[in-house]
Amino acid sequence: MWDIGGRKGRTLLLQGHHDRVQSLCYLQLTRQLVSCSSDGGIAVWNMDVSREEAPQWLESDSCQKCEQPFFWNIKQMWDTKTLGLRQHHCRKCGQAVCGKCSSKRSSYPVMGFEFQVRMCDSCYDSIKEEDRTSLATFHEGKHNISHMSMDVARGLMVTCGTDRVVKIWDMTPVVGCSLATGFSPH
């Protein structure tokens, strides 16, 4: 979601595949994005919802919560006579944190994280009561998809994989409408 010519916009992260994403198709009438991956996964993303942009990861030589040094911070380790810790990043706030301060995991679909990701304890506590219902549906292609093409007028998707199999899919039940007319039963 980026206006390249105008150099403005925002970057949305959609994380819902376990392997390399091979093909994408945006369905303008239904405001859905269909993505296919080499592990056979097909995701249909609802793009008609308000989403949050994922934060940039912050850099730090020590945990931004407890201030313990990370393993490359030799001076602070020497001064405090402690071993350095491994650095992680909270996917919600972007802070550099240690494992102890980021012991929780959660999905966070509004930011594009459909699978559980690491969060600092304070961000996890802040979203505990939020609705974390998935904003995508997931389907199994049953073959490793290397290419996908959509015939929007007929509501068909064609996939092919390295297994030399071509599959033709009726996508109208999956996307929830007739793509040709834009009619939605909702």
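Predicted model: local features only at pLDDT ≥ 70, side-chain atom pairs only at ≥ 80, totals over all residues.
Local features are reported at pLDDT of at least 70 and side-chain atom pairs at pLDDT 80 or more, whereas totals for chains, interfaces and linings use all residues. Residues are numbered from 1 along each chain as its sequence is written, and side-chain values use heavy atoms, with hydrogens and water left out.

To begin with the strands, helices (H or I, at least four residues) and strands (E, at least two) are taken as DSSP runs and numbered from the N terminus. Two strands are called paired if DSSP finds at least two bridges between them. On this basis, an open sheet of four strands is found in the order β3-β4-β5-β10, with antiparallel pairing. Its edges are formed by β3 (21-27) and β10 (136-140), each of which pairs on one side only. Gly-41 has Glu-140 of β10 as its bridge partner.

A further open sheet holds three strands in the order β11-β12-β13, again with antiparallel pairing. Here β11 (145-151) and β13 (166-170) are the edge strands, each pairing on one side only. Neighbouring strands of this sheet are turned against each other by 20 degrees on average, direction ignored. Five bridges link β12 (residues 156-161) with β13, and the two strands run antiparallel.

Attention now turns to the interior. In soluble globular proteins, nonpolar side chains tend to be buried together. A nonpolar core is defined as a set of buried Ala, Val, Leu, Ile, Met, Phe, Trp, Tyr and Cys residues joined through side-chain atoms within 4.5 Å. Buried means under 20% relative accessible area, exposed means over 50%, and partly exposed lies in between (1.4 Å probe, protein chains only). The largest such core comprises 16 residues, and those with the most contacts inside it are Cys-63, Tyr-108 and Met-119. Two or more residues each are contributed to this core by β7 (96-97), β9 (113-119) and α2 (121-127). With neighbours within four places in sequence left aside, the contacts of Met-119 (heavy atoms within 4.5 Å) include Cys-90, Lys-92, Tyr-108, Tyr-124 and Ile-127. A second, separate core has 12 residues, among them Val-44, Ile-145, Met-150 and Met-171.

The cysteines come next. A disulfide is counted when a pair of cysteine sulfur atoms lies within 2.5 Å, and a search of the whole structure finds zero of them. For Cys-123, the closest cysteine sulfur is that of Cys-120, at 3.5 Å, which is too far for a bond. Cys-123 counts as buried at 11% relative accessibility, while Cys-160 counts as partly exposed at 26%.

Side chains of opposite charge can pair when their charged atoms come close. With a salt bridge defined as a side-chain nitrogen of Lys or Arg within 4 Å of a carboxyl oxygen of Asp or Glu, the structure holds three. In one of these, Arg-31 pairs with Asp-48, and the closest N and O atoms are 3.5 Å apart. Arg-31 is in the loop between β3 and β4 (32-37) and Asp-48 in the loop between β5 and α1 (74-80), so this pair ties together parts 17 residues apart in sequence. Arg-31 is partly exposed, at 44% relative accessible area. Another salt bridge joins Asp-125 and Lys-128, at 3.7 Å from N to O; Asp-125 is partly exposed at 45%, as is Lys-128 at 42%. Arg-154 and Asp-151 also form a salt bridge, with an N to O distance of 2.8 Å. Arg-154 is exposed at 61%, whereas Asp-151 is partly exposed at 27%.

Arg-164, in the loop between β12 and β13, is exposed, with a relative accessible area of 80%. Its C-alpha atom is 10.0 Å from that of Ser-146, a residue 18 places away along the chain. Ser-38, by contrast, is buried at 13% and sits in the loop between β4 and β5. Beyond residues up to four places away in sequence, Ser-38 touches Asp-19, Arg-20, Gln-22, Asn-144 and Ile-145.

Methods
Axes fitted to C-alpha atoms, helices over the stretch in contact; angles between N-to-C directions.
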